[in-house]
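Hi,

Here is the structure I promised to pass on. Have a look at it first, and then read on for my notes on what turned up.

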Amino acid sequence: MSIIKEIHQKLIKREISVEELVKEKIKIIKEKDEKLKAFLTLEEKKAIFLAKRLDEELKKGEKIDLLFGIPYAAKDNILTEGIRTTAGSKILENYIAPYDATVIKRLKEKKAILIGKTNLDEFAMGSSTENSAFQVTKNPYDLERVPGGSSGGSAVAVSTEMVVFALGSDTGGSIRQPAAFCGVVGFKPSYGSVSRYGLIAMASSLDVIGPFCKKVEDVRIVFEAISGKDELDATSYNLEKKEQKKELIIGLPKECFLKGLDKEVEEKTKEFLKKIEKENIKIKEINLKLLDYALACYYIIMPAEVSANLARYDGLRYSPLENEKNDLLDLYFQTRGRGFGKEVRRRILLGTYVLSRGYYEAFYKKAQKVRRLIQKDYQKAFEEVDFILNPTTPTLPFKIGEKITDPLSMYLSDVFTVGANIAGLPSLSLPIGFSKEGLPIGLQITGPFCSDYLLLDFAQKLEQLIERK
Ligand code: GLN
């Protein structure tokens, strides 16, 4: 059953007030977040004030939306008017957003209540939230392990019921990977189906905003509320809802079950696939040969776009850091040198390099061609199968500190997720169980471009299979 619908019923029947609901969530945050560190900013007073107002409205007995009064959190790279929005970076430490991102505006219209802003890797670059300039978020299942990243704070907030749902952004896996590590559902919609207006850009041709929830049905409710054409984002559009086919065929890419896959992740995935087969869903092995190149392609295109997008933080705009000398070049050096963390600087350098004269053709242009081929590879696969399944991550949640000094091994945790961003496809991580040590494992479901609603239907079906045991 959908958690949002359950709360909605309680609100209508007056079994709970919005104020009680919000206070209950704030209490959980106060109890748990000192250790977990999911939140960067809490909007306690505003949230309670709004809750009281909504309770007044409720008394009038008018029809209310499903998201009315529902407490949620947003990743701190999504602009929220009048509220500090840091992107996890020192360079924006004191930046107060002057307007709402479209997704926030749409949720406001539905009267959902924003409780706070969640921690992330600086400018969404990372897979563990260790790159945040402010704090390291912990995995709720084992405090010595990472929650995944970059939307680690949002995943933890939902996993521990500090909020009912949370928004994240996914450029190469930043919703799905932390969802898998924290045992919740994380959905990266088709590129462009959700407006990016007001999302602090990382790599604009890959970035998408999407929800974290405990149940697929709730993901659908939030997705319906935030998606759709927005005049302020030229890449946005309205999605059509299509009929699901009766007989589904699922593709398993051979490439995902090769070396480097954790034994327990493999076992749990295969166990679950057997369950699926019993439901008369056909499973077929497929080849996604170009998936091998997805990570390399991503780590050229993404930094190229990062280097362009982050050029705007020059010390003149946004919140400048203190600077001693009165010299323009020095202002740039000081602001960017002190304001950006190591990983962000690394990517700006990489991006500038692949775009520079003499290297552009060899790297950036070639990566764009490979991107096209990867898209075609998926298209071909979707002529044979309806959805593609594979583990969301090759490993279980890793220890804090384990990969932070080795960027290449950190980048490898995105090996199964980046493909969907490169091709713009909708992709969801569904929790399917736990390892022997009690660490969550996620299954990734990827569908053809714009098949978002069909994918959510299918994910809900699989979720019921898990619940049935
Ligand atoms: N972990 C990936 C990276 O570091 C993905 C980031 C993201 O999706 N924002 O780039």
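Searching the whole structure, which is a predicted model, turns up 26 salt bridges. One of them joins the side chains of Lys5 and Glu217, with 2.6 Å from N to O. That pair ties together distant parts of the chain: Lys5 sits in helix H1 (residues 3-12) and Glu217 in helix H7 (residues 216-226), 212 residues apart. Lys5 counts as partly exposed because its relative accessibility is 32%, and partly exposed covers the range between under 20% (buried) and over 50% (exposed).

Another salt bridge brings Lys46 and Glu43 together through their side chains, at 3.6 Å from N to O. Its two partners fall into separate classes: Lys46 has 45% relative accessibility and so counts as partly exposed, while Glu43, at 13%, counts as buried.

Then there is Asp233 with Arg196, a salt bridge of 3.7 Å, N to O. This pair also links distant parts of the chain, 37 residues apart, and both ends are in loops. Asp233 is in the loop between H7 and strand E7 (249-253), and Arg196 is in the loop between strand E5 (185-188) and strand E6 (208-213). Both Asp233 and Arg196 are buried. If you like networks, have a look at Asp142, Arg145 and Glu437 too, which salt bridges link into one.

Now for the nonpolar side of things. The largest nonpolar core has 142 residues, and those touching the most other members are Leu67, Phe123, Phe165 and Ile445. Which helix gives the most to this core? That would be H9 (residues 294-309), with 10 residues.

Is Gln444 buried or exposed? It is buried, because its relative accessible area is 1%, and the cut-off for buried is under 20%. The Gln444 side chain reaches the backbone oxygen of Phe416 at 2.8 Å. Again leaving out neighbours within four places in sequence, the contacts of Gln444 include Arg176, Asn390, Pro391, Thr392, Phe416, Thr417 and Ser429.

You will find Thr171 in the loop between strand E4 (165-170) and helix H6 (176-182). With 3% relative accessibility, Thr171 counts as buried. Its side chain makes a polar contact of 2.6 Å with the side chain of Asp207. Beyond its neighbours within four places in sequence, Thr171 is in contact with Met202, Ala203, Leu206, Asp207, Tyr298 and Asn421.

Last stop, the surface. Tyr353, Tyr359 and Phe363 make up a nonpolar patch there, and together they have about 270 Å² of accessible area. Phe363 belongs to helix H12 (residues 360-384). At 31% relative accessibility, Phe363 counts as partly exposed.

Key:
Residues numbered from 1 in each chain as written. Predicted model: local features only at pLDDT ≥ 70, side-chain atom pairs only at ≥ 80, totals over all residues. Heavy atoms only, no water. Core = buried A, V, L, I, M, F, W, Y, C linked by side-chain atoms within 4.5 Å. Buried < 20%, exposed > 50% of the residue type's maximum accessible area, 1.4 Å probe, protein only. Helix = DSSP H or I, 4+ residues; strand = E, 2+ residues; numbered from the N terminus. Patch = residues over 30% accessible without salt bridge, like charges linked within 9 Å, V, L, I, M, F, W, Y side chains within 5 Å. Areas by Shrake-Rupley, 256 points an atom, 1.4 Å probe, with all protein chains shown as cover. Salt bridge = Lys/Arg side-chain N within 4 Å of Asp/Glu carboxyl O. Polar contact = N/O pair within 3.5 Å; in protein donor to acceptor, adjacent residues only side chain to side chain. Contact = heavy atoms within 4.5 Å.
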